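I opened the notebook to go through one model.

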Amino acid sequence: MDLQITTFGALLGLAVAIFLIIKKGHPAYSLILGALIGGLVGGAGLDGTVSTMIDGAKGMMPAIIRIITSGVLAGVLIKTGSAAKIAEQIVKVLGEKRALFALALATMILTAAGVFIDIAVITVAPIALALGKKLNYSKMAILLAMIGGGKCGNVISPNPNTIAASENFGVELSSLMGANVIAAICGLIVTVFLVKLLINKGEKVTEIVVEENQDDLPSFFAAVIGPVVAILLLALRPLAGITVDPLIALPVGGIIGVIACGKWKHTNEYITFGLTKMMPVAVLLVGTGAVAGIIKASTLQTTTIALLNGLSIPEFLLAPIAGILMGAATASTTAGTTIASATFGPAIMAAGVSPLGGAAMVHAGATVLDHLPHGSFFHATAGATNVSINERLKLIPYESLVGLTITIVTTIIWGIIL
């Protein structure tokens, strides 16, 4: 389609979507309406706008299918108690003296294994609250430990955001997961440093949330076997030249996990639960695709590159900047990564950045401001630890520093060194 939408139209559509999301509109509908307005104002006409939105949504289908199937592993990890067992074991091994590091590491590993970051925080929260009360730590400190660890795990995970970036840049999921390992470790170090500054700031933990079925958790081996199998299958391509798509690897890991936990009879229940967790993301990506289609057909990419050149900023910085801006606009790592990679991917690669490097930088950038108050992550994490909105707002600069650390390290590696 030989159609070009104005930069103003694309930005206005995105602004409308953000405004509606802030006003508690459903994110998917907000994005679709924003895309419609952006296309109409941008000069595409009604038919052209609708066609562009549909094309954008179609482009999301491969990622959506993979995300839906990843619900098998996520559902098994959560419902069998595997996620809770992994977190419990990590905290137990590291001990109270390293409690904050243990909380960050536990959340990082759970997220890296394929659990949504908000679910990972909710899973670890009861353990964190118990430790916080015993050690007289503040709620802000334990929540930042989990959020920071979750962000680090998210950039090396087979989660929807990583799947979307790998799909849009045409790189292997396992390669993208490995591309940000060094940055994730650096982010974890910064997280531990920052949480120590907050130990005595704000409200202290006074209540403990008791988790159900603590006596029915699987063994540690049974808990980790599922995600380990999934990751090994994904790693077969770089290791042995055998390609196993996430569409296969993640569900297989989940099935192996439920068998190892001795809960085979509950398989349907668990995968149904996983599907319910993935469906909101899948629906969100339809709206995200509509917006991405409008932005991709607009002159926004050309305008942004011209602005970078005018400011004498290297073009490779388009990758992390796009991730940061779209992550902030949607307050979502998944939506931010998807829009940024789908719309700016071609321009990033045209600037001489490798597909893997571009995907890694966009993905990292989306973690910098994905926790803003107009997104669900902000509220879900506050609720998990009973943190007041006022104190939750005070955490934003700290969690942004963790995301910024990940982004800076990733940009140095993939934009400057490699």
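I looked for charges over rings. The charged end of K79 sits over the ring of F273. I noted 5.0 Å from that end to the ring centre. The model is predicted, and this distance is computed from it.

Next I turned to aromatic pairs. I counted zero of them. The rule asks for ring centres within 6.5 Å.

Then I picked T111. How exposed or buried is T111? I found 0% relative accessibility, so T111 counts as buried; the cut-off for buried is under 20%. I placed T111 in helix α6, which covers residues 99–112. I also listed what T111 touches, leaving out residues up to four places away in sequence.

I went on to the whole chain. How many helices and strands does the protein chain have? I got 20 helices and zero strands. The radius of gyration is 21 Å, close to the 22 Å that the globule rule gives for 418 residues, so the protein chain is as compact as a globular protein of that length. I read the spans of the C-alpha trace along its principal axes as about 60 × 45 × 45 Å.

I checked burial across the chain as well. Of the 418 residues, 58% are buried. I then took contacts with a separation of 6 or more: 80% of them join residues 24 or more positions apart.

The protein chain exposes about 16,300 Å². Carbon and sulfur atoms supply 68% of that area.

Key. Residues numbered from 1 in each chain as written. Predicted model: local features only at pLDDT ≥ 70, side-chain atom pairs only at ≥ 80, totals over all residues. Heavy atoms only, no water. Phe/Tyr/Trp six-rings, centres within 6.5 Å; stacked < 30°, edge-to-face > 60°. Lys NZ or Arg CZ within 6 Å of the ring centre and 35° of its normal. Helix = DSSP H or I, 4+ residues; strand = E, 2+ residues; numbered from the N terminus. Buried < 20%, exposed > 50% of the residue type's maximum accessible area, 1.4 Å probe, protein only. Contact = heavy atoms within 4.5 Å. Rg over C-alpha atoms; globule rule 2.2 N^0.38 Å. Areas by Shrake-Rupley, 256 points an atom, 1.4 Å probe, with all protein chains shown as cover.
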